[in-house]
Amino acid sequence: MRDTELYAQILGVKAPWFVDKVDLKVAENSVDIWLDHGPGERWPCPECGKLLPCRDHAGERVWRHLDTCQFKTLLHARVPRVECPEHGVHQVLVPWAEPRSRFTLLMERWIIDVLTECSTVEGSRRLLKLTWDEVWGVMERAVRRGLSRKEARPIHYLGVDEKAFRKGHSYMTIVCDLMRSTVEHVSEERKKSSLEEYYRRLSPCQLEAIRAIAMDMWEPYFTATMAHVPDAGAKIVHDRFHVMKHVNEAVDKVRKQEHKALMAQGDETLKGTKYLWLFRPENLPAKHQPTFDVLKASTLKVAKAWAMRENLQSLWGYMSPGWGRRFFKRWIKWIDRSGLEPMKRVGQLLSRHLENILTFCRHRITNGVAEGLNSRIMSIKRKACGYSNKDHFKTAIYFFCGGLDLYPRSV
């Protein structure tokens with residue numbers, strides 16, 4: 001079999017294109033393949049598809065293809081141009097690559113696969129022996145392609161969370177689909193306008209289809225949702241893990257205050273016990289259990305605060321908002337009588353947001369999926385040693401967490 005016939009079969013080249021010449025350059029570790037077409041062919045206009053004669057040819061272009069064994073493989077061709085009466089002069093589309101791409105479809109798919117596995121541009125470009133800009137360009141095109149193909153579908157359960165871009169209160173707002181575990185939207189800052197940017201993209205039918213939205217108690221997110229989502233008051237669910245995080249912080253403040261007072265008296269009872277009070281009972285390491293049993297049975301203030309926190313966990317077991325509200329009223333009375341200021345402050349915070357904490361009884365969703373995606377985003381960011389700007393960070397989030405159709409398709 002001739003080398004041109006071999007490469008025609010390997011590349012899947014079909015009429016009107018054919019492999020004209022193959023040049024193996026052993027010293028340069030490369031294979032160059034020239035593609036050509038027969039005379040008198042008519043070509044479809046890339047805008048309207050109308051068949052037109054070849055007007056002229058653009059200058060020779062080169063595309064990187066998958067390696068042939070250890071040899072870098074390059075495709076060469078002069079692409080015909082057509083003159084459409086309606087759309088003017090255009091290069092025709094070639095079946096082996098997308099417009100304005102320097103890679104063949106198969107090579108671009110391979111780069112996307114390597115990026116997905118490596119999670120970093122730097123690691124991928126070293127494996128592929130490409131430049132950083134070449135690999136990043138493939139990632140950007142893949143994300144643009146995926147976003148353009150994304151269908152406007154109803155999303156029933158949303159999660160809204162924030163992600164730190166860098167130190168110094170630089171945040172990004174992330175909206176995810178809790179059922180599909182995908183990032184649906186990324187915007188800068190964590191302002192009301194950040195979330196409104198997403199809601200404004202949705203049609204009235206899509207907004208109506210939202211059944212519940214899990215979020216923390218950040219006021220701008222709450223206000224934006226109330227302004228755009230129909231019946232939002234019954235759909236916002238303040239995430240239970242964020243609620244318990246506030247309570248944990250209050251318990252820790254009680255411990256700090258009491259530890260300081262005890263140390264002033266030379267009492268080291270609470271020294272080194274910080275994390276014992278923050279563990280869930282089922283997660284407490286067995287070696288600490290005897291010590292903690294003594295501490296929680298004591299008359300320490302932090303033991304009382306810990307008991308309040310553990311008692312609040314019962315709220316999440318109620319299936320009826322009415323019964324949940326009765327439980328919370330009893331719990332808040334206990335808090336108010338405790339004399340523990342950090343617990344009283346967190347009790348006031350939860351009281352202000354009670355109605356949207358109790359929506360958990362009807363819509364039993366949390367931001368666990370969003371937190372999982374945040375962990376993955378953090379891992380990607382750490383592997384990349386950070387991103388130079390927010391646009392690059394957004395691109396990486398959509399690429400790795402957007403659930404997008406990233407691959408190029410043949411013409």
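Q313 is placed in the loop between helix 11 (301-312) and helix 12 (321-338), helices being DSSP runs of H or I with at least four residues and strands runs of E with at least two, both numbered from the N terminus. The model is a predicted one, in which local features need pLDDT of at least 70 and side-chain atom pairs count only at pLDDT 80 or more, whereas totals for chains, interfaces and linings use all residues. Residues are numbered from 1 along each chain as its sequence is written, and side-chain values use heavy atoms, with hydrogens and water left out. Because its relative accessibility is 17%, Q313 counts as buried (under 20% relative accessible area, with a 1.4 Å probe and protein chains only). Apart from neighbours within four places in sequence, Q313 is in contact (heavy atoms within 4.5 Å) with R240, M244 and R280.

In helix 4 (residues 132-149), the end C-alpha atoms are 26 Å apart, which agrees with the 26 Å that its 18 residues should span at 1.5 Å a residue, the expected span being 1.5 Å times one less than the number of residues. The buried residues of helix 4 include W136, M139, R141 and R145, and the cover over the buried residues of this helix includes helix 2 (105-118), helix 3 (121-128) and helix 16 (390-401).

The second largest pocket has a volume of about 360 Å³, and of the 15 residues that line this pocket, E162, R190, D216, H242 and K245 are the closest to its centre. A pocket is here an open set of points on a 1 Å grid over the protein atoms alone, where a 1.4 Å probe fits, with protein on both sides within 12 Å along at least five of seven lines, and lining residues have an atom within 4 Å of a point; the volume is the space filled by probe spheres set on the points, which are joined across faces, edges and corners. At least two lining residues each come from strand 8 (157-166), helix 8 (240-264) and helix 15 (368-383).

Definitions and conventions: Buried means under 20% relative accessible area, exposed over 50%, partly exposed in between (1.4 Å probe, protein chains only).
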